[in-house]
There are 4 protein chains.
Amino acid sequence: MIRLAIIGYGYWGPNVVRNFSRISGVSISWVVDINPTTLVEVPKIYPTIQTTSDIQDVIHDKTIDGVVIVTPPRTHFTLASTFLNAGFNVLVEKPMTQTTKEARTLVALAEARKKILMVDHTFIYTPAVTSIKQILDSGELGDVYYIDSVRTNLGLIQKDSNVIYDLAVHDFSIIDYLFGMIPKTISATGYTHKEIRQETVAHISAVYDNNLFVHCNISWLSPIKIRRMMFIGTKKMLVYDDIEQSEKIKIYDKGVSFIKDPKQALQMRIGYRSGNMIAPNIPIEEGLFGMAEEYVRALETKKKPLTDGNAGLRVVRCLELSTKSLRTGGKSVRI
Amino acid sequence: MIRLAIIGYGYWGPNVVRNFSRISGVSISWVVDINPTTLVEVPKIYPTIQTTSDIQDVIHDKTIDGVVIVTPPRTHFTLASTFLNAGFNVLVEKPMTQTTKEARTLVALAEARKKILMVDHTFIYTPAVTSIKQILDSGELGDVYYIDSVRTNLGLIQKDSNVIYDLAVHDFSIIDYLFGMIPKTISATGYTHKEIRQETVAHISAVYDNNLFVHCNISWLSPIKIRRMMFIGTKKMLVYDDIEQSEKIKIYDKGVSFIKDPKQALQMRIGYRSGNMIAPNIPIEEGLFGMAEEYVRALETKKKPLTDGNAGLRVVRCLELSTKSLRTGGKSVRI
Amino acid sequence: MIRLAIIGYGYWGPNVVRNFSRISGVSISWVVDINPTTLVEVPKIYPTIQTTSDIQDVIHDKTIDGVVIVTPPRTHFTLASTFLNAGFNVLVEKPMTQTTKEARTLVALAEARKKILMVDHTFIYTPAVTSIKQILDSGELGDVYYIDSVRTNLGLIQKDSNVIYDLAVHDFSIIDYLFGMIPKTISATGYTHKEIRQETVAHISAVYDNNLFVHCNISWLSPIKIRRMMFIGTKKMLVYDDIEQSEKIKIYDKGVSFIKDPKQALQMRIGYRSGNMIAPNIPIEEGLFGMAEEYVRALETKKKPLTDGNAGLRVVRCLELSTKSLRTGGKSVRI
Amino acid sequence: MIRLAIIGYGYWGPNVVRNFSRISGVSISWVVDINPTTLVEVPKIYPTIQTTSDIQDVIHDKTIDGVVIVTPPRTHFTLASTFLNAGFNVLVEKPMTQTTKEARTLVALAEARKKILMVDHTFIYTPAVTSIKQILDSGELGDVYYIDSVRTNLGLIQKDSNVIYDLAVHDFSIIDYLFGMIPKTISATGYTHKEIRQETVAHISAVYDNNLFVHCNISWLSPIKIRRMMFIGTKKMLVYDDIEQSEKIKIYDKGVSFIKDPKQALQMRIGYRSGNMIAPNIPIEEGLFGMAEEYVRALETKKKPLTDGNAGLRVVRCLELSTKSLRTGGKSVRI
């Protein structure tokens, strides 16, 4: 039996508890939250889970195999380092930390203590992203040279986090997983709400090896919710629309050709698809569930999880540099 | 009777001829094209229009009131200056020229010769953009502080023009018309096809007065055709989707508020619209027809058209600086 | 404290348990299911709820205020009559019974025993249908004379129930609630899968008083999921699309006019909307939660619920007659 | 050179003239319309076409190879029989006539006179319907046993024609072409506007051989324009959405299976697609152009066109019987 403690029961905590509860062989011993009012909700649904506002109760519980930190981003580093220092395996919600320096410290700490450090890059565990990985690896799209990602909705403007840490974390972690590369340069522009000194819109451009260009449009200021990534390859193009219920991935048998003949050129303009489109069947499952399973597997096998501390570090670095570029007028920064 | 000569009968020429033909009191005397094969099509539909491959035939025709230049962008300047010098009123397709310098020369030439110089910024004459102008002027949206524009499709990659001159011309001309402002700074990133040394994707950020931030995502590399501008105001948000047949404009009674209470915050995340949405009725008419009418009106009244040479100049300057920024790694350029 | 027993924990049971759990002052004492494997899941989430495969355990528990029957339709009558006879208040999932005769018996039994009999017509309790009720009652649409309803998806073909009992129950219950009328005549055509002798597609036409004509297209054989009702009124038209996330209701300021002038007629064909469209803001809440609250209120106040046994009876009668018409070649049947 | 006379230049006439003009080897000699105001428009665009309000001018023109009748439906029979009797080949707009009797008379007349009688069932000539024909013939869908067609929009309510003759003509002609079968029985319900004694909504059920069931929902009373046919086969399902610009046809690798296992049943309900979806590439061309080509081919070769008088007769019979069934309370009528 794997015994867990969940630290934080705010917006996301209940989803985390629900998904770990679905895994057989897992028992949640504690839910911790500084807000006692929130904790009152726990026993109504899960009467066997103990609740507390004091993390010392968890630290003193020697039966715990791992903790899951689901608190606001600004508290991730302190909590994660406390638990690692206390000898616990740790799973942290995304983004892992607020700074690259903090991320490096956590990675070093986990290695020194020989503990598992994992970050919840949820999308990596969705059937859609897993399918895209297989399609890319099969070479069906040819070489991908442009990715256009849009994540917009009318989001909660947060006082202690900007839109980059909230949304671009998904793009950087997905590309990290799909391509195994980090950007060479990053630049970003955007809009900053002066009232809270936080970026609420960001347009991030990132250049990777192999001539891959990526742009992320992320925004809390859109009346329409969009979650769409386009992968433009030399052979085919893939659109991943996470809002779609049943056809999240569409592969267009369409590439670019260089046409000189004016007659053909005309035809290209009028009919802009020359091949078929295929929407492969994608199983329906929560990414959060696969992520929970991966953590449990790591705890059981003592092996590094797919999204380990280093993945968290690579992504936080991108977030930090994107914010830095935006705050210096869009200057391109090298990694 | 207003007599016109149409210079160029390629992809767009037939649309121009068709729309001017619809205006009573207008007669098209000539269609000129260097390609004789193309000209063969003209008399099949319009037997009374004379055709020629030699612009001298037009220049010697003293009955012509104005010419309309519908040729590839690289020929605009030479043709327009030739006709202005020859004493003709001139309407040029967008973009007016390929460089700011050329645009300035044309404007000066038109003034010196006291001739009309007009540019076809088609969208300005669509019922949708006219409606948006009225809505903005009414103050219904409050102050607009962010515009997010997307123009993507699988476009014909052109050898002598990049995606900025092809598509961003619409964004800059629409904003020029709606707000009467030019950007203070522009920066751009994108993707360049080395085979043809042309930009095929561009992400342009422009900062205007009154804290207005604009981003344009323009691309010839998208399997999906998108034509959408979002105007985010302090009071309401407006989405203009030109692909929609019957509801091109949607006004969302939704603004941003700064919420501290965690309970309310939760609710904000779940339901991201708190007010009604209204799609005003928009009449259906081609922008090209309204543009044609404006040129005829200018020829008849000798008054400056809405999109005169100066509008063309302002827009070309933005296109040139966007391209320049993109080619220098995204550096912000001042106007 | 209201104490409940839930009978049935299959596909829908967990949703019912979850929603009643959210109501303060409510305690679920029992979950009953004939399948012991299913029951194993209950204590994992709700350790305080007792489970059993024997309804006698519930019947002998004198602390129970009401039962909720969430079993397959063919068992509704037997279970409901057993519990009513044993002196319990009863809530039954839709459809209340399989025959009109059974429905009448239950209604009579509830009256004789002075017990509450309620049916779960879930949609009646959704914010969308409640909003439509207000809009209709306000007279904004004028007189509604045509309703076009479509409920299609690739549904599970069931051995003991046809598509009419599965899906048309929603249409008849919604119209029953919105208009307070029953049809005068019903006719139906459709497709029957011979392998299981069950209707898998049905097209039901129903004529109501006030010249109201209703058609329901219900199908388990559609690759696309559609849940859409259109209400055509003399003044305006309303579309209720339950698949939409944020704009479930759209009101079109559009009516029919009788045009003789051929010029105007032409214009009518080209632009088919002459007024604005408004999508009112609808709060997000599960209908099942409102339904659960209504049952608890009825148990507490001893007053008839909105969807009482008589509503269940009226709807079952429509389902029975629709099936009868379909099986006799579409003959119109009077009610 | 094939010489044509176009009879009628109202709403649809200009489209017919434009498409015949595109065919080389075709010359339009006359455009006839009783309305002189309308005729004024013709020479503006086509200065070589003669116009008249008197059909005798055409009848006396011995150089004419065929006439095209594009007048209101109530005039089709008189005009077509006049021209056939005068020895002309005749193409009639859909629907060919208003009654089966008239259609039979025209067919007999054409045979007696050895003239071509063709009806413009436009959709038969669209790339989409041609593609569907190929897909059906290939057996990819298995046996098609259910077709669900919807054609709704806010249509012009016509005084001399009901919605069945206006819209269901498309469904019956498409199915006639795709399957080569006529219905065995037809029944219809609907809504009739008393002010004009015309049906404005109809729901037509038709039973064909091979256990094929067809339903058509046609309406002039919808704020939303829908043009969608679903073909449900034993192997796959096809959706033809004519409103879509680039993906008009989608083939779903999905059939119905009879599941008993309750666990699997549950899964079926949650994920309702188990296979891929493919949208084949469809060339873009007007059906009207292919139809015009077919008429010219028939005139040149003297061979029967694809949609000859008999096709027109079969479809008119379905329209007549649908109207009859609707007017007798939905009674099923045998063909």
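This is a predicted model: local features need pLDDT of at least 70, side-chain atom pairs count only at pLDDT 80 or more; totals for chains, interfaces and linings use all residues.
Residues are numbered from 1 along each chain as its sequence is written, and chains are lettered from A in the order in which they are written. Local features need pLDDT of at least 70 and side-chain atom pairs count only at pLDDT 80 or more, while totals for chains, interfaces and linings use all residues.

Chain B can be laid on chain A with an RMSD of 0.0 Å by a turn of 180 degrees and a shift of 0.0 Å along the axis (least-squares superposition on C-alpha atoms of residues with pLDDT of at least 70 in both copies). The two copies are thus related as by a two-fold rotation axis, and in chain B the C-alpha nearest that axis, 3.3 Å from it, belongs to B:Lys331.

Contact (C-beta atoms, placed from the backbone, within 7 Å) joins 45 residues of chain B to 45 residues of chain A. Because 100% of the interface residues of chain B are also interface residues in chain A, the copies meet through the same surface. On the chain B side, E11(B) gives the most, with seven residues.

The residues on each side are classed as follows (nonpolar: Ala, Val, Leu, Ile, Met, Phe, Trp, Tyr, Cys and Pro; charged: Asp, Glu, Lys and Arg; polar: the others, Gly among them).

| H8(B) with H11(B) | nine residues | three residues | two residues |

Helices H8 (residues 163–179) and H11 (residues 309–327) of chain B pack at an angle of about 130 degrees, with their axes 9 Å apart.

Conventions:
Two residues are in contact if their C-beta atoms, placed from the backbone, lie within 7 Å. Helices (H or I, at least four residues) and strands (E, at least two) are DSSP runs, numbered from the N terminus. Axes are lines fitted to C-alpha atoms, for helices over the stretch in contact, and angles run from 0 to 180 degrees between N-to-C directions.
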